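Hi everyone, thanks for coming along.

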Amino acid sequence: MNTEKDFSPLTPNIVRALNDKLYEKRKVAALEIEKLVREFVAQNNSTQIRHVIQILASEFALSQHPHSRKGGLIGLAACSIALGKDSGLYLKELIEPVLTCFNDSDSRLRYYACEALYNIVKVARGAVLPHFNLLFDGLSKLAADPDPNVKSGSELLDRLLKDIVTESNKFDLVAFVPLLRERIYSNNQYARQFIISWIHVLESVPDINLLDYLPEILDGLFQILGDNSKEIRRMCEVVLGEFLKEIKKTPSSVKFAEMANILVIHCQLTAMTWMREFIQLAGRVVLPYSSGILTAVLPCLSYDDRKKNTKEAASACNHSLMKLVTPEDDEDEEEEKSGSTVSPSREDGHPKTEADSNDMLNASQESVGFSNISFFTPAIADRPPVTLHLDGIVQVLDRHLHDSSTGMMTRIAVLKWLYHLYIKTPRKMFRHTDSLFPMLLKTLSDESDEPKSIKRV
């Protein structure tokens, strides 16, 4: 590199040493930079401080030459150490060039970038929180780095950042959730581990109420619960278990309706366990989601003993849901016929956003084989009464009766549901009789549950 003029206030000796291939020489240059910046701090000369940082970033850390990049990284770390508590004023300029080096093809450079950022963050502490998303984004990539040294360096930085978040009351959860929601769908094992560890930390901080945002990340958590790694599944189970404990403690503030949608899509033990709790804690709030819940629950009733726990949880969901249907659900017949808008759960009373979310939900359900069913028409959350959407329920029950592959226990449950609905909501069920009766007659003579060896030809 060229002359003193180009890099002033850095001296030619500093410039030369920063470009040296030997780490020891670059380290000497960093000590000189630290001394120089301390002088500028004493003089309150922010213009020169910014100038030094700008040179180290653009001419070194972002240079085409690997040794120059290494020099730039150690130089930026030295600036941060010299600035001390004042480093918060220059964090954007210090952090961004270092994060760029996280993407370097040279693993040594990625390691030095971790080291530099560790020093910057260690000095700045809580002042880095406004830049948290940038740091998290960079770290989430390094969590899956193939080089063990880089991975180890990123873990040290990760622990430091977790300590800072835990001890601070200035963490911006609202700004972080969209990034978390995006990253939670990573299929990489290490990235998933990284995400789960962060959710676990945030969950444990008293000042951070992650439960409010659970509907946005619950689907991703259930995806991770299906990971091949036993360790990741265990971590995810712990996190979900903590959330469920919180839900039981504070049911009045929980967004049950928003999460019922998600549980329906994941027909496995934990989702069924959550569904069972939701039905018991939220009661009739989940009633508008009955058709979706039954779509998920009914097939599980025919599981064999290999999935005994899921079957039992599904059975508990089914019984609890059935209990929610009462004679009062038969009372709004006249209002519905007359097109009255008294009931807040009428579809035309929904705001556009809710309808949009239902469309998205239906699209996601089609991908897992739940097509051709009109799914959820949820009631507006805080305006009772909750209305039972009988048409959707009957449609699900009817489909299971028509499907020859429906298991015996599922078929029995469907018949019990139809009986229950006729007892509790006879007026509403009457209009479905014409469509249901032929199928019920056919079920009486159905031989599909008899052993094949004695089936009549």
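Let's begin with a pair of helices. In α8, the residues F132, F136, L139 and S140 meet A191, F194, I195 and W198 of α11. Sorted by class, this contact has seven nonpolar residues, one polar residue and no charged ones. The axes of α8 and α11 come within 10 Å and cross at roughly 145°. An α-helix has 3.6 residues a turn, so residues three or four places apart point the same way.

Before we go on, one thing to keep in mind: this is a predicted model.

Now let's zoom out. How many helices and strands are there in the protein chain? There are 23 helices and zero strands. The chain has 457 residues, and buried residues make up 49% of them. What about contacts along the sequence? Take the contacts between residues at least 6 apart in sequence: 73% of those join residues at least 24 apart.

Next, the inside. The largest nonpolar core has 138 residues, and those with the most contacts inside it are L10, L221 and W274. Which helix gives the largest share of this core? That is helix α7, residues 107-124, with nine residues.

L221 is one of the buried residues in α12. That helix covers residues 214-224 and is mostly covered, with nine of its 11 residues buried. Besides L221, the buried residues are L214, P215, I217, L218, D219, G220, F222 and I224. And what covers them?

Helix α14 is residues 256-265 and helix α15 is residues 269-282; their axes are 10 Å apart, and the angle is about 150°. Because of that angle, α14 is roughly antiparallel to α15. The crossing of the two is left-handed. On the α14 side you can find F256, M259, A260, L263 and V264, and they meet A271, W274, M275, F278, L281 and A282 in α15. By class, we have 11 nonpolar residues here, no polar ones and no charged ones.

For another pair, turn to α4 and α6. Helix α4 runs over residues 46-61 and helix α6 over residues 91-100; their axes come within 10 Å and cross at roughly 10°. Are these two parallel or antiparallel? With that crossing angle, α4 and α6 are therefore roughly parallel to each other. R50, I53, A57 and A61 in α4 meet E93, L94 and P97 in α6. This contact has five nonpolar residues, no polar ones and two charged ones.

Now for some loops. Start with P9, in the loop between α1 (4-7) and α2 (12-18). A cis peptide bond joins S8 and P9, with omega at about 15°.

Moving along, N44 is in the loop between α3 (23-42) and α4. N44 has a positive phi of about 60°, although this residue is not a glycine. Is N44 buried or exposed? N44 is exposed, with a relative accessible area of 69%.

R125 also has a positive phi without being a glycine, with a value near 50°. You can find R125 in the loop between α7 and α8 (132-142). R125 is partly exposed, at a relative accessible area of 28%.

The loop between α7 and α8 also holds A127. A127 counts as partly exposed, at 33% relative accessibility. What does A127 touch, leaving out residues up to four places away in sequence? A127 touches G88 and L91. The C-alpha atoms of A127 and K85 are separated by 8.7 Å, while the two residues are 42 residues apart along the chain.

Notes:
Residues numbered from 1 in each chain as written. Predicted model: local features only at pLDDT ≥ 70, side-chain atom pairs only at ≥ 80, totals over all residues. Heavy atoms only, no water. Axes fitted to C-alpha atoms, helices over the stretch in contact; angles between N-to-C directions. Helix = DSSP H or I, 4+ residues; strand = E, 2+ residues; numbered from the N terminus. Parallel < 35°, antiparallel > 145°, perpendicular 65-115°, else oblique. Left-handed = near helix turned anticlockwise from the far one by under 90°. Contact = heavy atoms within 4.5 Å. Nonpolar A, V, L, I, M, F, W, Y, C, P; charged D, E, K, R; others polar. Core = buried A, V, L, I, M, F, W, Y, C linked by side-chain atoms within 4.5 Å. Buried < 20%, exposed > 50% of the residue type's maximum accessible area, 1.4 Å probe, protein only.
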